[in-house]
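Dear colleague,

Please find below the structure I promised to pass on to you.

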Amino acid sequence: VSQSRYSGYSLYNRSSGTLSLANRLTPSLTAAVRFDVHHVAQGGDYGNASSWTGSCGVYWSLTKSLAAGISIQNPTRTKLGDSRTNSLTISSVQWLINNKSSLWLGASKEGPYPMSYQIRIDYHPLDVLMLQAGVSSGFEPYSMGFAFHKPKFDFGIYSSYHELLGFSPGAFFRIRNI
């Protein structure tokens, strides 16, 4: 899977590109690694910075409608500019409510910050359209978006509310089965 993502405004924005490789180890267990490049651009005299990171994770299909996963992003705490970035651990449980909707419950821990809890609902009113809404106890307490889903790619637009930055628009493009 290959993905590119952009969010923010002209004075502050973030962009990233990823390449993911996954392998089904058993019928119910999948392991994956991901390689990322991140770029932060700040207006004025603040400058820009880029870094390379990696991630790894596992995903278990516990039953036909229940799955769980855990991932560790940036375990080596790569530098971005002059500062080391935090590693991030994410765990989640997904419940497939029916063939059109699913509920996600998650917890994440980033560096010295307190644990953050998330809940998200995905709804597929059409086979090619997904709507998403979520809440979190972290720095971005609200998020919403939609994506067009095709067998080989996804394109989505989203926005999340940050306590300091307000609503930040974003977009992503994901290609599967390269």
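Val 135 belongs to strand β11, residues 129-136, where strands are DSSP runs of E with at least two residues, and helices, H or I, need at least four, each kind numbered from the N terminus. With a relative accessible area of 40%, Val 135 is partly exposed; here buried means under 20%, exposed over 50% and partly exposed in between, with a 1.4 Å probe and protein chains only. Please keep in mind that this is a predicted model, in which local features need pLDDT of at least 70 and side-chain atom pairs count only at pLDDT 80 or more, while totals for chains, interfaces and linings use all residues. Residues are numbered from 1 along each chain as its sequence is written, and side-chain values use heavy atoms, with hydrogens and water left out.

Val 135 is also one of the residues of a nonpolar patch on the surface, which includes Trp 60, Leu 62, Trp 95 and Tyr 142 and has about 1,000 Å² of accessible area together. Two or more residues each come from β5 (66-73), β8 (88-98) and β10 (116-126), and β8 gives the largest share, 3 residues. Such patches are made of residues with over 30% relative accessible area and no salt bridge, with nonpolar side chains (Val, Leu, Ile, Met, Phe, Trp, Tyr) joined within 5 Å and like charges within 9 Å; the areas come from the Shrake-Rupley method with a 1.4 Å probe, and for residues only the protein chains shown count as cover.

As for strand pairing, which requires that DSSP finds at least two bridges between two strands, β3 (residues 29-42) and β4 (residues 47-61) run antiparallel and are joined by 14 bridges, with Ala 31 opposite Val 58 in β4. Their hairpin has 4 residues between the strands, and Gly 44 in this hairpin takes a positive phi near 70°. β4 is also antiparallel to β5, through 7 bridges, and Cys 56 stands opposite Ile 72 in β5.

Most residues other than glycine have a negative phi. Asn 74, however, has a positive phi of about 60°; this residue lies in the loop between β5 and β6 (79-80) and counts as buried at 7% relative accessibility. Arg 77, in the loop between β5 and β6, has a positive phi near 55°, but Arg 77 is partly exposed at 37%.

Ser 108, in strand β9 (residues 101-110), is buried with a relative accessible area of 13%.

Asp 154 and Arg 176 meet at 2.6 Å, N to O, and salt bridges that share partners join Asp 154, Arg 174 and Arg 176 into one network.

Best regards

How values were computed:
A salt bridge is a side-chain nitrogen of Lys or Arg within 4 Å of a carboxyl oxygen of Asp or Glu.
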